[in-house]
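This note is written for a colleague who is meeting the structure for the first time. Please keep the sequence and the model at hand while reading the points below.

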Amino acid sequence: MLFTAMLFSPREVFSGAEDGLLLWFNTVFPTLFPFMLVSGLMMAGGGLDVISGIFGKALGRIFAVSGSGAFAVLTGFLCGYPMGAKAAADLLLSGRITKNEGQYLLSFCNNTSPAFIINFVVWKTLGRENLLAPSLIILFGVPVFLSFFFRRLYLKGQRSFRAPKDSRDIPGRAFDFSVFDSCMMDSFGAIVKVGGYIIAFSILLSLCRDMGNLPAANYLLPSLEITNGVVMLRENIRDFRICYPLIMGLTSFGGFCSVAQTECMLGGTGIPILPYLAQKLAAAAAASFLAYLYITFFQIIPS
């Protein structure tokens, strides 16, 4: 069916592929690739131990994570999709954290980056600077709050996560170009996979738009991909009391494209994607609810 739709709608396929490629090349690649490369170099060169020493105790008390898990928390909250998932997967595959901690980290620290929220969602799409602080509080406060509930599923009676029993200290490698080359190629592979999913979902979104104005299209299609989805919600839903909560929910969820990217990063870890999907949907519902309460309570109507 998809192949037939592509044959009869070549213009939409080309447009969707072009939009996805430009989004990846102009925004995602320059944003994520440097962080992927540097995080790989940190793990290979011993920088992870430095980060753990600085932030491990504080983040361990808040989130009950191990010293290595603190690195995934920082990465997931600061760097955007799917860096939280990649950091958790890399830590698990290298034997620095347990599978239970990897699942717990994935449940709350794979989020939209602050730069995307500030620049694209609030300033460019919503166009209201007074929503900057509440949007950031909602979108980062919700996963922090939910982490207190999610950890009960994975701690198994313990107070906090610890390094695996069979783990050993992994000495950092002295920097040379072989280390840089290895980390660079690993980062290239990951960023190309992310780009492939963005292009595929952009094509799917373009084809669905070509099917006509379905009654639920304005609410369902945006869930495919966050960047185009946020714009669609702003353009198609005039009531700001409905539009803003939906945008907050989609930004918290990340769209099904980010779910596919996350599953791609989890290859070889054995971590299932369905619990993650349920946890992100719970976070999206909570973010939408809080955004609706904020708009209703303060009666903020755009001019």
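Does K86 count as buried or exposed, and at what relative accessibility?

1. The model is a predicted one. In it, K86 counts as buried, with a relative accessibility of 5%. Burial here requires a relative accessible area under 20%, and K86 falls in that class.

2. K86 takes part in a salt bridge with D90, in which the closest N and O atoms are 2.9 Å apart. Both residues belong to helix α5, which spans residues 83-93. They are four residues apart, about one turn of the helix. D90 has a relative accessibility of 24% and therefore counts as partly exposed.

3. K86 also forms a salt bridge with D186, and here the closest N and O atoms are 3.2 Å apart. Because D186 lies in helix α9 and K86 in helix α5, this pair ties together parts that are 100 residues apart in sequence. D186 is partly exposed, its relative accessible area being 45%. Through shared partners, the salt bridges join K86, D90 and D186 into one network. The structure holds two salt bridges.

4. Side chains of opposite charge can pair when their charged atoms come close. R151, located in helix α8 (residues 132-154), is buried yet has no salt bridge. The nearest side chain of opposite charge is that of E101, 11 Å away. Leaving aside residues up to four places away in sequence, R151 touches I62, F63, A64 and Y104.

5. How many disulfides does the structure contain? The count comes to zero. The closest cysteine sulfur to that of C109 belongs to C79 and is 11 Å away, which is too far for a bond. C183 is likewise in no disulfide, and the nearest cysteine sulfur, again in C79, is 15 Å away. As for accessibility, C109 counts as buried at 0%, and C183 counts as buried at 9%.

6. The largest pocket has a volume of about 570 Å³. It is lined by 29 residues, of which L23, T27, V28, F116 and T227 are the closest to its centre. Five helices each supply at least two residues of this lining: α2 (10-45), α7 (114-126), α9 (177-210), α11 (226-236) and α13 (255-265). Which helix gives the most to the lining? The answer is α2, with nine residues.

7. Helix α2 also contains V13. V13 is buried, with a relative accessible area of 15%. Not counting residues up to four places away in sequence, V13 touches M6, I203 and L207. V13 and L205 are 192 residues apart in sequence, while their C-alpha atoms are 9.5 Å apart in space.

Methods
Residues are numbered from 1 along each chain as its sequence is written. This is a predicted model: local features need pLDDT of at least 70, side-chain atom pairs count only at pLDDT 80 or more; totals for chains, interfaces and linings use all residues. Side-chain values use heavy atoms; hydrogens and water are left out. Buried means under 20% relative accessible area, exposed over 50%, partly exposed in between (1.4 Å probe, protein chains only). Lys and Arg count as positive and Asp and Glu as negative; His and the chain ends are not counted. A salt bridge is a side-chain nitrogen of Lys or Arg within 4 Å of a carboxyl oxygen of Asp or Glu. Contact means heavy atoms within 4.5 Å. A disulfide is a pair of cysteine sulfur atoms within 2.5 Å. On a 1 Å grid over the protein atoms alone, a cavity is a set of points where a 1.4 Å probe fits but cannot get out, and a pocket is an open set with protein on both sides within 12 Å along at least five of seven lines; lining residues have an atom within 4 Å of a point. Grid points are joined across faces, edges and corners, and a volume is the space filled by probe spheres set on the points.
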